[in-house]
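Please keep the structure open while you read.

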Amino acid sequence: MEENLISINNLSFGYGKDLLHKDINMQFNRGKVSAIMGGSGCGKTTILRLIGGQLKPNSGNVMVDGKVVHEQNRDGLHNLRRKMGMLFQHGALFTDLSVYENVAFPMREHTDLPENVIKDLVLLKLNAVGLRGAHKKMPAELSGGMARRVALARAISLDPDIIMYDEPFAGLDPISMAVICDLIRSLNDALGATSIIVTHDVAETFSFADYIYFLADGGVAAEGSPKQLLASKLPFVKQFIHSEKDGPVPFHAEAPSYQSDLSL
Amino acid sequence: MERVKLDIWVGIFVALGIIAMFYLATRVGNLTSNDVKKTYEVKAYFENIGGLKPRAAVKASGVVVGRIGSIVFDPEAFHAVVKINIDDRYSFPKDTFANIYTAGLLGEQYLALEAGGDDENLKAGDLIVHTQDAVVLEKLISQFLYNSAGEDEKDDD
Amino acid sequence: MNNILNFLEKLGASFRSALSGLGSGARLFFLTVIYSSDSFKRFNLTIKEIYFTGVLSMVIIVVSAFFVGMVLGLQGYYTLERYGSSEAIGVLVALALVRELGPVVTALLFAGRAGTAITAEIGLMKTTEQLSAMEMMAVSPIGRIVAPRFWAGMISMPILATVFSMVGILGGYFIAVLIIGVDEGAFWSQMQANVDFHNDIVDGAIKSVVFGFTCTLIALYQGLVAPPTAEGVSRATTKTVVISSLSVLGLDFVLTSFMFV
């Protein structure tokens, strides 16, 4: 069995003329929780979309379980996506369905399970995220943290091999953050899945991730386990980890000289 | 929205649509007339058909008994060949007259069949021999002028 | 001089974007048809959408139809009376509704009510990443969201247009016969003599099917390409109404010249 369930090989991608990713390589090992970190707009979420096949790379490829993602036909992509679960930044729950219906959605679409089996499974998943009692509610009635937990329950609905998280900690209160942290780790281990988290939350991620990638300037600026990175001497890594205002990522955006702007 | 309630409303909606279509077809339109009945075809020649159109009414004693089929020009005999579809229920004698009249003063033109006295009836494919063309307004006016000019001449004598 | 060049450039650009929009719309239609199997195998999806596009539009359609019919009756009567043909009011109301006003006004109202609802809903789903989430769950958003709404629109529009015509005629009857006092027998008999099922009613029904296709497809397309912001979605709903209305009126002219001339 391949050590790397997902590998990104010499990938270059850009939405327009400018390349967002230039010839990057990343590997995600089975059963591990990996994080992709970096400043805003450096293309972290785009990596998830490339893995999921929503975007095609300009050059290079993404391989999932031995298959090149963007070369798959409709059925191949369908099968690959069946193995993935994705948690979107704000949950992306279907607003016209209840919590129960949302979690049951993948089961109803992809399996022929009878209703009573689905009911047991849905309540099981909701229980895993601690929201079994909320199954009758509509997404509009949930708080941000609760919505994200329901979305997580939906993402693991079919016991996927790969779980991807897009900024799971953004905008959460400390308690909800701790809950999500714990869930990511425990679900990953319980399901034997491979998790990829896109985030810029240092403290939480460093507490439970196995391997971390730093993206900057279209490439991988640094990678390693949390221990390795904490000891890293790279100025970019240090600026990020120690939340420094100025460093390799400058405070001032590009501008003409102050003198000429003030017309002195 | 419960599934049952949804289904009921949609069912009512579709039923309303069908009722409306039915209503339009029968009470507003003329579907109940002879369109769907069986017909047999005869033909007639006219020098001038005026405003007669295909699907125009064919009436006998004012009652619709058929529809005009096709109207074509015969380039060798230089007249119009009108195909007439008459309802199977009605038979007309061989010497029936086919006249083009106008419904109302400015209305549409239709074909009126006036029965003759022949013993034999028209069969499919037969020709109606006695025809009267449509009245063309210009000819009527020139006739009127000619007549009145003729009267003036007589007075002058 | 620059202004003229700018204007021409904008004109050319908008023409090109209109053409590309037409092409993308056609592509959306073919994709919708390809992914339509679910809309029929799980007909519940389509029924739900028929409820939202059709049933909920009934109120506005019926009320509008009644008023339109009444106005036709009123206006038509006073014009026909001058030529002594006031008994033809039935024909006028019926033909105007069945041939033109039924399909066209229904389409415009449909675009305004159901079309904008569809565009806003899909635009919002795109903004909150619900469509992306569905894609990642290996469920085609076209098959699950777009296709049921498309077929619902195709089914609802002819029904709404037919109901519009019927209620309008009743409105005309109400004014002409019950209020003004035109002879009831003449009203209906002249109508029946002059409204042909094949030429008038069926052609009107064909128009309403074409309009339903157009309005629904435009609404779906605008929702799918709306920029994922609040402003983007609101502009998309405006575009739906404007483009639908113009298309309906343009197509009406084309169809009328084919059918009734």
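The points below cover conventions, chain contacts, a helix pair, a sheet and domains.

1. Conventions. This is a predicted model: local features need pLDDT of at least 70, side-chain atom pairs count only at pLDDT 80 or more, and totals for chains, interfaces and linings use all residues. Residues are numbered from 1 along each chain as its sequence is written, while chains are lettered from A and ligands numbered from 1 in the order in which they are written.

2. Chain C against chain B. Here 24 residues of chain C are in contact with 18 residues of chain B. Contact means that the C-beta atoms, placed from the backbone, lie within 7 Å. Helices H3 (43-53), H5 (89-127), H7 (141-180), H8 (184-194) and H9 (197-225) of chain C each give two or more residues to that side. H7(C) gives the most, with 6 residues. Helices (H or I, at least four residues) and strands (E, at least two) are DSSP runs, numbered from the N terminus. By class, the chain C side has 16 nonpolar, 5 polar and 3 charged residues. Nonpolar covers Ala, Val, Leu, Ile, Met, Phe, Trp, Tyr, Cys and Pro; charged covers Asp, Glu, Lys and Arg; the others, Gly among them, are polar.

3. Chain C against chain A. 10 residues of chain C are in contact with 14 residues of chain A. The chain C side has 5 nonpolar, 3 polar and 2 charged residues.

4. H3(C) on H7(C). The two pack at an angle of about 55°, with their axes 8 Å apart. Axes are lines fitted to C-alpha atoms over the stretch in contact, and angles run from 0 to 180 degrees between N-to-C directions. H3(C) and H7(C) are therefore oblique to each other (under 35 degrees is roughly parallel, over 145 roughly antiparallel, 65 to 115 roughly perpendicular, the rest oblique). Residues of H3(C) in this contact include C:Leu45 and C:Ile50; those of H7(C) include C:Trp151 and C:Ile155. The contact has 6 nonpolar, 4 polar and 2 charged residues.

5. The chain B sheet. It is open, with 8 strands in the order S7-S1-S4-S3-S2-S6-S5-S8 and mixed pairing. Two strands pair if DSSP finds at least two bridges between them. S7 (127-128) and S8 (130-132) of chain B stand at the edges, each with a single partner strand, so one side of each lacks a neighbour in the sheet. S2 (57-60) and S3 (63-74) of chain B run antiparallel, joined by 4 bridges. B:Ala60 has B:Val63 in S3(B) as its bridge partner.

6. Chain B domains. The assignment gives domain 1 (1-32) and domain 2 (36-142). Bounds come from an automatic or database domain assignment. The centres of the two domains, taken over C-alpha atoms, are 40 Å apart.

Notes
Two residues are in contact if their C-beta atoms, placed from the backbone, lie within 7 Å.
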